[in-house]
Amino acid sequence: MRDTRQSRLLLVLLVLTAFALITVDIKGGQDSPLGGPRRAAASVLGPVENAAAGAVDPVAGYIRAIRDAGTHQQRLDQITRENTELRQKLASSDTAAGRGKQLDDLLRTAGTGGYTVKAAQVIAIGAAQGFSWTVTIDAGSDDGLTRDMTVIDGQGLVGRITTVAPTTATVLLASDPGFTAGVRLEGGGEIGFAAGQGASPMRIELLNGRAQVKAGDRLVTFGSQSGRPFVPGVPVGTVKEVQATPGQLTKTVLVEPYVQFTRLDLVGVVVVPPRTDPRDAVLPPVPAPTAAGNPQAPIAAAPPATRGN
């Protein structure tokens with residue numbers, strides 16, 4: 001249609017007519033003369049609208065699902081991060097608590113024995129310089145460490161230093177088959193030599209073949225000249241088995257070490273030996289005797305004797 005004066009006049013008339021019909025329909029309410037045509041149009045166009053809505057709704061629902069899925073995934077990622085952070089905090093607190101306990105035990109052992117120690121952490125394990133049972137600690141010559149210093153933890157003898165670098169040192173563990181240290185029995189004072197046997201109990205050769213020793217007896221280090229490589233009085237372990245050696249000049253016993261070599265973490269290097277031999281003072285207290293069959297109950301005192309009639 002050309003843009004002429006007649007066409008513009010026709011457009012104005014159509015707009016005015018539409019407004020007039022809308023005004024009549026609104027004022028008429030339910031009795032509007034246009035109600036019938038409107039209902040007829042609704043009956044014709046209603047199914048078409050429903051069909052269109054049915055076709056569009058799944059698409060809209062899918063779009064909403066995608067949008068909500070992104071929101072849910074973000075929330076899930078946030079929860080996962082929070083749980084990971086919480087687990088890390090709990091692990092850190094457990095580790096800190098465990099090391100705090102190890103440090104307390106180490107300081108108690110060093111204080112009782114009169115040892116001046118340099119605390120260090122085990123940072124590596126494995127073979128080094130041909131030894132099969134060694135660990136590396138995070139302290140070295142910069143910290144005043146030298147070869148042949150005694151290494152302990154809160155439970156007892158760990159080993160001795162073999163090589164030293166500026167910031168690290170290698171420790172030969174007492175469990176190594178090449179390890180040897182002088183030891184002494186608690187109380188009686190019988191002396192001998194301890195040797196490592198890997199994961200098996202340590203082997204002790206007592207110099208006196210007639211020494212009175214039994215399972216449960218305890219041993220400490222005998223000590224070396226000037227405290228190198230071993231200071232005296234460090235707990236070594238408990239006798240587990242006495243081997244029969246008739247006619248031998250020495251007596252062989254198997255000893256369960258106090259130290260758990262596969263779980264080492266915090267250790268102490270003795271940088272200054274004690275002024276006097278602590279003897280058996282560093283050993284843990286002997287458990288109180290208990291009643292037979294009930295290790296938790298103390299032995300009851302016997303009733304006083306009575307005279308018969």
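Let me begin with E256, which at 40% relative accessibility counts as partly exposed, where partly exposed is the class between buried, meaning under 20% relative accessible area, and exposed, meaning over 50%, with a 1.4 Å probe and protein chains only. Before I go on, please keep in mind that this is a predicted model, in which local features need pLDDT of at least 70 and side-chain atom pairs count only at pLDDT 80 or more, while totals for chains, interfaces and linings use all residues. Residues are numbered from 1 along each chain as its sequence is written, and side-chain values use heavy atoms, with hydrogens and water left out.

E256 forms a salt bridge with K240, and the closest N and O atoms are 3.9 Å apart; the term salt bridge stands here for a side-chain nitrogen of Lys or Arg within 4 Å of a carboxyl oxygen of Asp or Glu. Since E256 lies in strand β11 (residues 251-257) and K240 in strand β10 (residues 235-242), the pair ties together parts that are 16 residues apart in sequence. The strands and helices I name are DSSP runs, numbered from the N terminus, with helices being H or I over at least four residues and strands being E over at least two. K240, for its part, counts as exposed, at 52% relative accessibility.

How many salt bridges does the structure hold? There are nine salt bridges in the structure, and I will take two further pairs from among them.

One of these joins R184 to D280, with 3.3 Å between the closest N and O atoms. This pair links distant parts of the chain, 96 residues apart, as R184 sits in strand β6 (residues 180-185) and D280 in the loop between β12 (266-272) and β13 (290-291). Is R184 buried or exposed? R184 is buried, having a relative accessible area of 3%, whereas D280 is partly exposed at 22% relative accessibility.

The other pair is K101 and D105, whose side chains meet in a salt bridge of 2.8 Å, N to O. Both residues belong to helix α2 (residues 35-113), where they are four residues apart, about one turn of the helix. K101 is partly exposed with a relative accessible area of 49%, while D105, at 8% relative accessibility, counts as buried. K101 and D105 are also linked with R108 in a network of salt bridges.

Now to the backbone. Most residues other than glycine have a negative phi, and most peptide bonds are trans. Which peptide bond is cis here? The bond from R228 to P229 is cis, with omega near 5°, and P229 is found in the loop between β9 (218-221) and β10.

S226 is found in the loop between β9 and β10, and S226 has a positive phi of about 60° although it is not a glycine. With a relative accessible area of 59%, S226 is exposed. D148, again not a glycine, has a positive phi of about 60°; D148 lies in the loop between β2 and β3 (150-152) and is partly exposed, with a relative accessible area of 24%.

Finally, a word on G126, which is found in the loop between β1 (116-125) and β2 (134-137) and counts as partly exposed at 28% relative accessibility. The C-alpha atoms of G126 and T136 are separated by 8.5 Å, the two residues being ten residues apart along the chain.
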